[in-house]
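Please examine the model shown below together with its sequence. The paragraphs that follow lead through it region by region.

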Amino acid sequence: MSRFTAADLTTAVTYKALTVADLSIAYREAGDPANPRLVLLHGFPASSHQYRNLIPSLADRFHVIAPDYPGFGDSEMPDPAKFTYSFDKIAELLESFLKQKGFDRFGLYVQDYGGPVGFRIVTRHSDWLDWLIIQNSNAYEVGFTSAWDGFRGALWKNRTPETEKPLAAFLELDAIKGIYLHGHKQPELISSDNWNMDFRFMERSNARRVQLDLFYDYRLNLSLYPKWQAFLRDRQPKTIVFWGQDDVFFTRAGGEAYLKDLPQAEMHRLDSGHFAVEDCLHYITSNMHRFYDEKVASVNAR
């Protein structure tokens, strides 16, 4: 009869929830708490589910947590008529979540929405950031593809039912599926669990309103880009960038722009799309392990 070993138990992914400001925040966790800490922040239209394969691949070396934002995944979704869905609010809640978990020094992996959330947190707590992993998360004007035209040219200028309507199409099943498949040369590597899971959450009451609120609030991130860029320039965190070159939302130039502020960053240009972990898992994982050992652990030891 086979038995679980201690290693099996520490690398197994657990599914938990923590009450933060009276809201239940769901999260995935794996790895030995004695190991270096790593926080994974997810993007649109996903949840921590997008890291279902990455987490166990990293849990042998790191203590990993990946929360679901309020209104996403298994976290609580309060009524948007009574709760403000904004990147400021999400960052505030996750900052409290990290404090409750005792994560006051960690590596930060940001993808898509993870950037606006994570950059807000670490610019307030620069000492929390041990190292930075950026995967298709924009912080530069040059980073927007034409997919943003309806946001920038209409919704952000005047939010009305008419300007919302074209963008609501991003919340339908075919569009969500397209986000996962766009730019990925081997679609057979992309599990349909992704869009089926995301769309299941999108069908809940108020879920589309939550997403439209965040679509509109995203405009405020742009005014913070100079602050985030200055933080990167001044702080110079040890950074590795993985950039899917054919992202439906973010341009190649958006990935390259980080190198202006982080000239020592390690850049990996992937033949992939928005969700590069889906088809570049081993490449990303192995390089994260190597980068940490070579560039972060060695410096921390000194």
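Asp-22 lies in the loop between strand S1 (14-20) and S2, where helices (H or I, at least four residues) and strands (E, at least two) are DSSP runs numbered from the N terminus. This is a predicted model, in which local features need pLDDT of at least 70 and side-chain atom pairs count only at pLDDT 80 or more, while totals for chains, interfaces and linings use all residues. Residues are numbered from 1 along each chain as its sequence is written, and side-chain values use heavy atoms, with hydrogens and water left out.

Asp-22 has a positive phi of about 70 degrees although it is not a glycine. Most residues other than glycine have a negative phi, and most peptide bonds are trans. With a relative accessibility of 70%, Asp-22 counts as exposed; the term exposed stands for over 50% relative accessible area, buried for under 20%, and partly exposed for values in between (1.4 Å probe, protein chains only). A positive phi, of about 75 degrees, also occurs at Asn-206, which is not a glycine. Asn-206 is found in the loop between helix H8 (193-202) and H9, and its relative accessibility of 35% makes it partly exposed.

Strand S4 (residues 63-67) is mostly covered, since 5 of its 5 residues are buried. In a regular strand the side chains alternate between the two faces of the sheet. In S4, His-63, Ile-65 and Pro-67 point one way and Val-64 and Ala-66 the other way, and all are buried. Which strands pair with S4? Strand S2 (residues 23-30) runs antiparallel to S4 and is joined to it by 4 bridges, whereas strand S3 (residues 37-41) pairs with S4 in the parallel sense over 3 bridges; two strands pair if DSSP finds at least two bridges between them. Val-64 in S4 has Ala-30 standing opposite, and Leu-38 also stands opposite Val-64.

Strand S2 contains Arg-28. Arg-28 is buried yet has no salt bridge, and the nearest side chain of opposite charge, Asp-68, is 5.3 Å away. Here Lys and Arg count as positive and Asp and Glu as negative, while His and the chain ends are not counted. A salt bridge is a side-chain nitrogen of Lys or Arg within 4 Å of a carboxyl oxygen of Asp or Glu. The side chain of Arg-28 does make a polar contact with the side chain of Ser-48, at 2.9 Å. A polar contact is a pair of N or O atoms within 3.5 Å; within protein, one must be able to donate a hydrogen and the other to accept it, and residues adjacent in sequence count only if both atoms are side-chain atoms.

The loop between S3 and helix H2 (54-58) holds His-42. At 0% relative accessibility, His-42 counts as buried. Leaving aside neighbours within four places in sequence, the residues in contact with His-42 include Ser-48, Pro-67, Asp-68 and Tyr-113, contact meaning heavy atoms within 4.5 Å.

Thr-163, Glu-164 and Leu-167 are buried in H6. They cover an arc of only 100 degrees around the axis, which puts them on the same side of H6; the arc is that of the directions from the helix axis to the C-beta atoms. The face turned away from the buried side of H6 carries the exposed residues Pro-161, Glu-162, Lys-165 and Pro-166. The buried residues of H6 pack against helix H5 (149-155) and H9.

Side chains of opposite charge can pair when their charged atoms come close. The whole structure has 24 salt bridges, one of which joins Arg-209 and Glu-164 at 2.9 Å, N to O. This pair links distant parts of the chain, 45 residues apart: Arg-209 in helix H9 (residues 207-217) and Glu-164 in helix H6 (residues 161-168). Arg-209 is partly exposed, at 34% relative accessibility, whereas Glu-164 is buried, at 11%. Arg-209 also forms a salt bridge with Asp-213, the closest N and O atoms being 3.9 Å apart. Because Asp-213 and Arg-209 are 4 residues apart in helix H9, about one helical turn separates them.
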